[in-house]
Amino acid sequence: MNGAIIDALQQLADSSKLNRDHWRERAYLRALAAIKAYTRPITSSAQLLGLRGVGMRIRDKVEELLATGRVAKLVALSSLRAGGGSCCGCSTSTLTSTST
């Protein structure tokens, strides 16, 4: 499950970068680094309490992913891309897959 969490955070960081939201991008990247360094399987967001770089909102997204298998924010971004819309005012050709 850590892989799914890492993938989701990477996509959120990439989306924030496209939106030029550098504060969120950095927050996602800090959390991403902390979770990559976490050696145990994450089965509850409570495991992340006190983990430097992982705040309440990131824990909420992790809990949502663990409970539902998805993150609503990523679903919304995916819908925008599929519909040809732009979430950040950039050209829709900029909105490609966020996986790196």
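Residues are classed here as buried when their relative accessible area is under 20%, as exposed when it is over 50%, and as partly exposed in between, using a 1.4 Å probe and protein chains only. By this criterion, 33% of the 100 residues of the protein chain count as buried. The structure is a predicted model, in which local features need pLDDT of at least 70 and side-chain atom pairs count only at pLDDT 80 or more, whereas totals for chains, interfaces and linings use all residues. Residues are numbered from 1 along each chain as its sequence is written, and side-chain values use heavy atoms, with hydrogens and water left out.

The protein chain contains four helices and zero strands, assigned as DSSP runs numbered from the N terminus (helices, H or I, at least four residues; strands, E, at least two). The order along the sequence is α-α-α-α. With contact defined as heavy atoms within 4.5 Å, residues 24 or more positions apart account for 47% of the contacts with a separation of 6 or more.

In soluble globular proteins, nonpolar side chains tend to be buried together. A nonpolar core is taken as a set of buried Ala, Val, Leu, Ile, Met, Phe, Trp, Tyr and Cys residues joined through side-chain atoms within 4.5 Å. The largest such core comprises 21 residues, of which Ile5, Leu9, Ile35, Ile42, Val54, Ile58 and Val62 touch the most other members. Two or more residues are contributed by each of α1 (2-18), α2 (22-37), α3 (56-68) and α4 (72-82), and the greatest contribution, six residues, comes from α1. Beyond its neighbours within four places in sequence, Ile58 is in contact with Leu9, Ala27, Tyr28 and Ala31.

Helix packing was examined using axes fitted as lines to C-alpha atoms over the stretch in contact, with angles running from 0 to 180 degrees between N-to-C directions. Angles under 35 degrees count as roughly parallel, over 145 as roughly antiparallel, 65 to 115 as roughly perpendicular and the rest as oblique. The axes of α1 and α2 lie 8 Å apart at an angle of about 160°; the two helices are therefore roughly antiparallel. Their crossing is left-handed, a term applied if the near helix is turned anticlockwise from the far one by less than a right angle, with right-handed applied if clockwise. On the α1 side, the residues involved are Ile5, Ile6, Leu9, Gln10, Leu12, Ala13, Ser16 and Lys17, and these meet Arg24, Glu25, Tyr28, Leu29, Ala31, Leu32, Ile35 and Lys36 of α2. This contact has 10 nonpolar, two polar and four charged residues, where Ala, Val, Leu, Ile, Met, Phe, Trp, Tyr, Cys and Pro count as nonpolar, Asp, Glu, Lys and Arg as charged, and the others, Gly among them, as polar.

The axes of α1 and α3 come within 10 Å and cross at roughly 130°, and these helices are therefore oblique to each other. The crossing of α1 and α3 is right-handed. Ala4, Ile5, Ala8, Leu9 and Leu12 of α1 make this contact with Ile58, Lys61, Val62, Leu65 and Leu66 of α3; by class, nine residues are nonpolar, none polar and one charged.

Arg20, in the loop between α1 and α2, has a positive phi near 60°. This residue is exposed, with a relative accessible area of 65%. Glu64, in helix α3, counts as partly exposed at 25% relative accessibility.
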